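Reader: I'd like to learn how to read a structure like this one. Can we go through it together?
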Amino acid sequence: MVRSQALVRLVSAVNRRTMKLLLGIALLAYVASVWGNFVNMRSIQENGELKIESKIEEIVELLREKIRDLEKSFTQKYPPVKFLSEKDRKRILITGGAGFVGSHLTDKLMMDGHEVTVVDNFFTGRKRNVEHWIGHENFELINHDVVEPLYIEVDQIYHLASPASPPNYMYNPIKMLKTNTIGTLNMLGKWSFSHFAAFAWSILGNSKHRYSCPSLSAVGTFQDHQKHLFS
């Protein structure tokens, strides 16, 4: 009986130790698992941060390239410009200055050293005709319709604002008439403080049709004259 009780106590003690050992092993396994997960998460986080940093560097490098391209575009080289003193340099307004005639006149006056303001609504003119002067200290480009008043002080005015060919001014004849009447009156309103260096309408002055058109008697009817004029 005594031996049996002693054996039971021994088994119970062994079982308690075994349970403690098993619990300890389980606890260690749990700690190891948690630590492993933490290490993996840390590694994933670090890899993710590295990828994010790498992506940011790529984006920053692209932005740097764009900035370099913009800097190159801003360091534009202009045609050679003559230096004029303040008393010799004129402030010149060219209406229709983005057209064929106006843009060449702009080039000439700019290279002569004058301050040129080009006014154009780009009805037939094109910005690319004068874009090589944009940014120059002596040049200014204003998107404006001369039918509306323009408040600017200048020394000379070259009034060239008008469509220069029949297809263009027949596309919108009312617009052409307003440009050559109201626009001209607006420019004439500056006569009190400006001197007209040139006063020309493309439709009345430089058009080839004005010089090549024969008389009405030589052509015949008014309809025949129109056919000749707009052919």
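Reader: How many residues does helix H2 have, and what does it reach from its first C-alpha to its last?

Author: Keep in mind that this is a predicted model. H2 covers residues 100-111, so 12 residues by the DSSP run. From end to end the helix reaches 17 Å, close to the 16 Å expected at 1.5 Å a residue.

Reader: Which residues of H2 are buried?

Author: Start with the general idea: an α-helix has 3.6 residues a turn, so residues three or four places apart point the same way. In H2, the buried ones are Gly102, Ser103, Thr106, Asp107, Leu109 and Met110.

Reader: And what covers the buried residues of H2?

Author: The cover includes strands E1 (91-95), E2 (115-120), E3 (139-143) and E4 (156-159).

Reader: Which residues make up the largest nonpolar core?

Author: There are 11: Ile92, Ile94, Leu109, Met110, Val116, Val118, Val130, Trp133, Phe139, Tyr158 and Leu160. E1, H2 and E2 each supply at least two residues of this core. A second, separate core has nine residues, among them Leu93, Val146, Val154 and Ala161.

Reader: What does methionine 110 touch?

Author: Leaving out residues up to four places away in sequence, Met110 touches Val81, Val116, Trp133, His136, Asn138 and Phe139.

Definitions and conventions
Residues numbered from 1 in each chain as written. Predicted model: local features only at pLDDT ≥ 70, side-chain atom pairs only at ≥ 80, totals over all residues. Heavy atoms only, no water. Helix = DSSP H or I, 4+ residues; strand = E, 2+ residues; numbered from the N terminus. Expected span 1.5 Å × (residues − 1). Buried < 20%, exposed > 50% of the residue type's maximum accessible area, 1.4 Å probe, protein only. Contact = heavy atoms within 4.5 Å. Core = buried A, V, L, I, M, F, W, Y, C linked by side-chain atoms within 4.5 Å.
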